[in-house]
Amino acid sequence: YQRRVRGTKTNHHQEMKSFNHICLGGTFDRLHLGHQKLLTKAINLCKQKLTIGITTAQLLKNKKYAEIIQPLEVRKKALLDYCQKVNPNIAYNLVDLYNHAGPANDDPTIEAIVVSEETKPQALKINEFRLTLGLNPLEILVLEMVHEGNERISSTLLRENENNDRK
């Protein structure tokens, strides 16, 4: 139930499967290239509906530099604007996440989840839980992390740089 998706390239010998309903989740703070690649891959594999879970303040309190994470509504607007530019023809369902699984845990219409290498363990837990409910496991599509030079692009790094600039 797992497929490794390298960057945004597909294997030319094997056509990538598409899905009616895909989900992914995250903080999506300071929408950056890594987020954009993750979202674009999900959008390109999605035929009808993309559910995007966005972490709420309750889940963010222990994140590094949590005090300068963009407000939820700012993050939602940036996500929706970006997604609609990539493909205005699918439905986008933005949901607030109060736990690490959101609708992926129990929505029977979701067929696949797009994750980074960092969040793959959470997708495996979601599938274990879905099986206890008698639901099909999600196909897990894993994207490699995006690097700039030797550093992994991350919102935490962007917040850290912003925090250092303020000093």
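**Exercise 1. Contacts of N127**

Task: In this predicted model, determine which residues N127 is in contact with, leaving aside its neighbours within four places in sequence.

Solution. 
- Step 1. Locate the residue: N127 belongs to helix α4, which covers residues 120–132.
- Step 2. Leave aside the neighbours within four places in sequence; the contacts of N127 are then P137, L138 and I140.
- Step 3. Check the accessibility. N127 has a relative accessible area of 7%, and the cut-off for buried is under 20%, so N127 is buried.

**Exercise 2. Helix α1 and L38**

Task: Compare the reach of helix α1 with the expected span, and state which of its residues are buried.

Solution. 
- Step 1. Helix α1 takes in residues 33–45, which makes 13 residues.
- Step 2. From its first C-alpha to its last, α1 reaches 18 Å, close to the 18 Å expected at 1.5 Å a residue.
- Step 3. The buried residues of α1 are G34, H35, L38, L39, T40, K41, A42, I43 and L45.
- Step 4. Take L38, which lies in this helix. Its relative accessibility is 12%, so L38 counts as buried.
- Step 5. With neighbours within four places in sequence left aside, L38 is in contact with L24, V114, V115, S116 and L143.
- Step 6. For a distance across the sequence, take L38 and V142: they are 104 residues apart along the chain, and their C-alpha atoms are separated by 9.3 Å.

**Exercise 3. Cysteines**

Task: Find how many disulfides the whole structure contains, and decide whether C23 and C83 are buried or exposed.

Solution. 
- Step 1. Recall that a disulfide is a covalent bond between the sulfur atoms of two cysteines.
- Step 2. A search of the whole structure returns zero disulfides.
- Step 3. C83 illustrates this: the nearest cysteine sulfur, that of C46, is 10.0 Å away, and the cut-off is within 2.5 Å, so C83 is in no disulfide.
- Step 4. C83 has 1% relative accessibility and therefore counts as buried.
- Step 5. C23 has 4% relative accessibility, so C23 counts as buried.

**Exercise 4. The whole chain**

Task: Give the order of the elements from the N terminus on, the share of buried residues, and the share of contacts that join residues at least 24 apart.

Solution. 
- Step 1. The protein has five helices and eight strands. From the N terminus on, their order is β-β-α-β-α-α-β-β-α-β-β-β-α.
- Step 2. The protein has 167 residues, of which 46% count as buried.
- Step 3. Consider contacts between residues at least 6 apart in sequence: 77% of them join residues at least 24 apart.
- Step 4. For the surface, the accessible area comes to about 9,500 Å², and carbon and sulfur atoms account for 47% of that.

Technical notes: Residues are numbered from 1 along each chain as its sequence is written. This is a predicted model: local features need pLDDT of at least 70, side-chain atom pairs count only at pLDDT 80 or more; totals for chains, interfaces and linings use all residues. Side-chain values use heavy atoms; hydrogens and water are left out. Buried means under 20% relative accessible area, exposed over 50%, partly exposed in between (1.4 Å probe, protein chains only). Helices (H or I, at least four residues) and strands (E, at least two) are DSSP runs, numbered from the N terminus. The expected span of a helix is 1.5 Å times one less than its number of residues. Contact means heavy atoms within 4.5 Å. Accessible areas come from the Shrake-Rupley method with a 1.4 Å probe; for residues, only the protein chains shown count as cover.
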